Amino acid sequence: MNLPDLAELAVRNLRESLLRNSLTTIGISVGVASLVAMLSLGIGLQQLASRRLMKSGLFDTVVVTSRRDLRNFSREEERNGPAPAESRILDEPTRREIEHLPNVLEAYPDIRFITELRYEDKPHLTTIAALPASAKSNDAFEGVQGRFFSSDMAPEAILQKAFAEELLGKTPKPGLDETNVAELAAPLLGKELMMRYAQREAATPATRAYDNAPASGNESLAGAAYSVVSREQKLKIAGVADLDPESMRGPTRARVFLPLGLAESLHVMQPTDLREISRAASDQPVYSSVNVRVKNPSQVQKVEDAIKKMGFNTFSILDASRSIQQFFKVLDVFLAIFGSLALAVAFIGIVNTLVMAILERRREIGIMKAIGASDGDVKRLFFAEAGAMGILGGISGVALGWALGQVINLGTNIYLQRQSFPPEHFWSVPWWLVLFAVLFSFLVSLAAGLYPAGRAARLDPVQALRYE
Amino acid sequence: MSSTDRSPQSSAPAIGIPAIHAERLCRHYRMGEALIRAVDGVALEVRAGEFVALLGSSGSGKSSVLNLIAGLDRPTSGSVTVHERNLAKLSREELARYRLHTVGMVFQSFNLIASMTLAENVELPMRFAEVDRGKRDSLAREALARVGLLARMNHRPSELSGGEQQRAALARALINRPRLLLADEPTGNLDSRTGTEIMNMVREFNQQLGMTVVMVTHERALAERYAERLVFLADGKLVGDESNSTVTANTGSDHAGSDGERL
């Protein structure tokens with residue numbers, strides 16, 4: 001029998017005992033629904049986590065420091081590679097070199113310093129950090145009130161919520177911080193801050209007149225000099241960010257942010273400047289650390305290795321993300337197993353239904369054999385019935401699972417909203433899961449049809465015809 | 001399928017050559033401790049185009065012989081050869097193909113599939129033979145027209161009388177153009193009038209299409225009226241084999257009508 005005929009006869013037979021076959025199909029669809037629900041929960045949670053992690057900038061960032069920077073120096077690093085004193089300086093050409101490595105999105109210097117900001121003539125001491133333009137997409141700035149910097153050189157600042165509270169003279173309440181950022185931002189946006197900072201200026205030959213060094217001292221570091229000049233810079237408050245300054249977010253661990261271009265142009269005296277003799281007199285910017293953003297967390301290791309080969313120290317939280325991925329793999333397997341349990345019950349349901357159908361249709365099988373149906377024809381017919389139930393159950397199961405997911409998603413978001421968290425989409429049914437679920441249901445049903453179909457095919461026609 | 005399977009007409013002129021040849025045919029069943037010899041050393045030869053009646057009381061083994069000829073059952077020993085094919089040596093698959101193309105069967109209880117319409121019942125063997133849909137439709141109509149049921153082709157068997165059901169079963173038996181028509185008490189569930197109607201059709205197939213007919217019955221009168229040859233069975237053994245001269249004398253085109261009146 002050819003396939004269209006098989007399908008036609010199978011569907012006709014399924015319709016003949018509609019109630020029983022519908023119940024079996026519902027059983028399959030519940031099984032598939034639970035599988036789909038479990039797996040899409042797993043996938044959704046994983047996507048949510050990796051979306052959050054990706055945006056946090058934690059997992060695609062490599063922090064590069066010079067070996068000359070003796071802080072955070074591990075023994076292992078000491079053994080491998082050049083000695084600190086012989087290693088390369090992390091300066092502008094090096095930064096550009098790193099930026100041109102494959103898979104690197106950008107490499108920007110980590111500029112942060114502690115200084116004084118005046119607001120309405122009251123001084124406030126705080127840490128200031130520079131942000132590259134790409135930080136706009138960082139989820140730390142998702143809830144920013146106002147806007148992001150208008151340009152990389154704009155004399156603008158974004159404040160942390162806590163600092164905004166300080167400027168307004170509010171003290172944060174203990175416990176859950178529920179201050180409305182919009183309320184905080186309203187009186188501050190567009191106002192001016194006065195930043196006082198220490199600018200490092202390489203000494204000009206004229207100012208070096210008092211040096212004992214020879215005239216060619218430009219090339220010699222001995223006797224190099226720089227001066228520190230106190231400067232002021234007006235800043236407009238562009239935005240207030242709703243984030244926790246204590247949270248572990250590399251570049252965002254500061255209370256006030258400036259655009260990177262502006263911060264670089266200021267040549268602010270950095271704490272490391274005092275230690276680094278070589279950079280003191282250099283006209284080229286030298287950085288204590290450079291943040292490298294990689295295209296994809298999976299390429300972090302490669303980029304790290306490449307930078308290490310250049311003779312720098314690197315740091316990333318790659319290992320943490322690896323174990324998180326592993327956790328989700330295990331979670332997926334567990335969810336799939338639980339989801340499959342319902343399908344296993346459905347499997348038994350199919351076997352039962354088809355065995356019952358054989359008993360009921362014994363005579364019919366006998367007739368078909370008497371008029372020329374082969375064992376294979378009978379077997380394929382039962383297979384087709386099992387398969388049809390599988391496909392129908394699979395499709396309705398995916399729909400049911402999807403609907404179930406939507407309901408749970410909705411319910412959870414209502415709960416999240418009551419707890420004043422933003423809604424999340426942690427339920428994902430990718431197209432491959434739909435295909436996989438229908439196919440899986442089809443295959444499971446065929447497997448369930450294996451025994452009944454074999455039994456029907458082996459039926460002795462003489463006996464079957466005698467059966468009333 | 002081969003074209004020879006589909007054209008029994010071509011075998012019609014070959015009347016006289018053996019269509020069925022059974023030798024020392026045995027079919028034994030084990031029922032608990034007892035061994036039942038349903039068929040016990042039957043030797044039988046049926047010529048192509050012959051109309052043979054297998055007669056005997058119930059339990060005489062006549063249906064078992066028919067099932068062996070039909071390829072529904074396999075002999076315990078001995079052989080049954082149909083058109084030079086030894087059925088005992090065929091595989092299950094080959095036997096199914098043999099049933100599909102060489103044999104048409106009608107039963108006492110009609111054996112139509114209740115969930116299908118007449119047209120679907122009649123075309124079912126062609127589905128197994130993988131005949132394509134358009135051809136199937138026209139052949140099924142043709143067969144139903146032949147038994148006078150074209151108007152009822154979309155009815156289910158339960159909506160029809162017994163005689164109509166048996167006519168549909170005949171149409172189904174005919175559909176793959178088999179050489180052999182095997183009938184197991186075809187009139188057993190019918191009143192005598194409809195029984196005659198059916199028997200006339202069977203004879204028509206025998207005479208016009210040249211089909212070899214083997215009919216199982218326990219009604220001697222019926223057998224004498226239609227069969228050319230009467231074979232008697234008792235306890236699984238062949239106990240008599242006589243040719244029926246009365247029937248050969250009155251075969252004719254006017255026969256169908258006069259038979260109906262005589263009852």
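Predicted model: local features only at pLDDT ≥ 70, side-chain atom pairs only at ≥ 80, totals over all residues.

Biologist: What is the order of the strands in the open sheet of chain B?

Modeller: In general, strands of a sheet pair through backbone hydrogen bonds, either parallel or antiparallel. Here six strands of chain B follow the order S6-S7-S8-S3-S9-S10, with mixed pairing. Strand S6 (103–106) and strand S10 (237–243) of chain B each have a single partner strand, so one side of each has no neighbour in the sheet. From one strand to the next the twist averages 20°.

Biologist: Which helix lies across S6 and S7 of chain B?

Modeller: That is helix H6 (residues 162–174) of chain B, which runs at about 170° to S6(B).

Biologist: How do I read burial along a helix? Which residues of helix H9 of chain A are buried?

Modeller: An α-helix has 3.6 residues a turn, so residues three or four places apart point the same way. In H9(A), residues 300–309, the buried ones are Val300(A), Val303(A), Glu304(A) and Ile307(A). They fall within an arc of 100° seen down the axis of H9(A), so they line one face of the helix. Asp305(A) and Lys309(A), on the other side of H9(A), are exposed.

Biologist: How many residues does each chain give to the contact?

Modeller: Chain B gives 18 residues and chain A gives 17 residues. On the side of chain B that touches chain A, H3(B) gives the most, with five residues.

Terms used
Residues numbered from 1 in each chain as written. Chains lettered and ligands numbered in written order. Contact = placed C-beta atoms within 7 Å. Helix = DSSP H or I, 4+ residues; strand = E, 2+ residues; numbered from the N terminus. Buried ≥ 20, exposed ≤ 12 C-beta atoms within 10 Å, placed from the backbone. Arc of directions from axis to C-beta. Pairing = 2+ DSSP bridges. Axes fitted to C-alpha atoms, helices over the stretch in contact; angles between N-to-C directions.
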